Structure formats: C-alpha cells, structure tokens
Amino acid sequence: MNLRVQQALNDQIEKEASSSHYYLAMASWAENNGLNGTAKFMYLHSDEERFHMLKLIKFINERGGEAIVPPVTKPPVQFDNLESVFTKLLEHEIRVTECINNLVNICLEEKDYSTHNFLQWYVSEQLEEEALARTILDKLKLISGDKAGIYLFDRDLDNSATPPKV
Ligand code: OFO
C-alpha cells in the first residue's frame, strides 16, 4: 500500500490506542469516586476506541501493508471533577477529528480512494462522538456542580450506556 498513507494510518492507530487508554483512566477515576454510571459509560467508550484501533490494524494488514502496534503513554490518574472530565473528552475528540480529516486529505493527495472510502466510517463516527460529548457537557453545565443533579446525571448515564457498535 502507499507508504505515506500507511504511515498516516499507523499514526492513527496510536491515537485510537491513546484514546482508549485515556477513557479507561477516566473510567477508573469515576469508579473510585462513586460515579458508577460515568464509569460504565467510559469503560464502554474505551472499548469502542480499541475497536477503532483494531479496525485500522486489520485494514492495513488486509491490504498488504504492515500495521504497527504502538506503545501507550500513561494517561492522567486524577481529574478535578465530572465537568472537567467531559470537557477533556470533548477536547480530545475534537483533536481526533482533526487527525481524521488530515488523514482523509492525505488519501486524496495520494489518490488512494479505497482508503478514503474506508475512512468515511471514521468521519461519521467522529461527528457522533463530538455531538454526544457536547450534549453531555451541556447537561453538566446546567447542573453546575449540584450534588443531587450529579447523582441523577450519573444514574441516567448508567441507564443509557450501551455496548460499542461492532
Ligand atoms: Fe476513535 O473515536 Fe473517539 O477518539
């Protein structure tokens, strides 16, 4: 496969692995702070990012390229509060969207239309993830640190979290 595209896809594998680890750290923090609904949401989100990584690995290898499994960097252990967790999640997703857009652009420059087509799934996924993060953050801003509100918010997340799409 085109080596520039392969390198860019391998870079994206690293981003998806880091995302999975980042959300795993958020899940663990939430679990340790009595926020079981948030923990469930983040564990599932972490699984989803791992699935995004696997999908890239398989795509590269199936096309005769060489996927590289990256080392993972240590994510934070502590977060200030729930609003800060979801603010970081949204900021992270916005950065990932920029990376996906850049990747799509490389495919166009290299005239690799099948990888371009494959990446459209990621383009839609990023739109959904950003929208979800914004909706959750809007709710947290309404609650504004109110303890009863946080209890109900966390319970709602517990009821709404669903396993990743595969
Ligand atoms: Fe992989 O979708 Fe979020 O980062």
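This note reviews the aromatic contacts of the structure above.

1. The model is predicted, so local features need pLDDT of at least 70 and side-chain atom pairs count only at pLDDT 80 or more, while totals for chains, interfaces and linings use all residues. Residues are numbered from 1 along each chain as its sequence is written, and side-chain values use heavy atoms, with hydrogens and water left out.

2. Rings of Phe, Tyr and Trp (its six-membered ring) pair if their centres lie within 6.5 Å; planes under 30 degrees apart count as stacked, over 60 as edge-to-face and the rest as tilted. The count by this rule is 9 aromatic pairs. One of them is the tilted pair of Tyr22 and Phe79, with 6.5 Å centre to centre and 45° between the planes. Tyr22 belongs to helix H1 (residues 3–32) and Phe79 to the loop between helix H2 (36–62) and helix H3 (82–109), so this pair ties together parts 57 residues apart in sequence. Helices here are DSSP runs (H or I, at least four residues), numbered from the N terminus.

3. Both partners are buried (under 20% relative accessible area, 1.4 Å probe, protein chains only): Tyr22 has 13% relative accessibility and Phe79 has 5%.

4. Phe86 and Phe153 form an edge-to-face pair, 6.0 Å centre to centre with 85° between the planes. Phe86 lies in helix H3 and Phe153 in helix H5 (residues 147–160), so the pair ties together parts that are 67 residues apart in sequence. Phe86 counts as buried at 0% relative accessibility, as does Phe153 at 6%.

5. One aromatic cluster is formed by Phe51, Phe59, Phe118, Trp121 and Tyr122. The charged end of Lys55 sits over the ring of Trp121, 4.5 Å from its centre; this term requires NZ of Lys or CZ of Arg within 6 Å of the ring centre and within 35 degrees of the ring normal.

Key: Helix = DSSP H or I, 4+ residues; strand = E, 2+ residues; numbered from the N terminus. Buried < 20%, exposed > 50% of the residue type's maximum accessible area, 1.4 Å probe, protein only.
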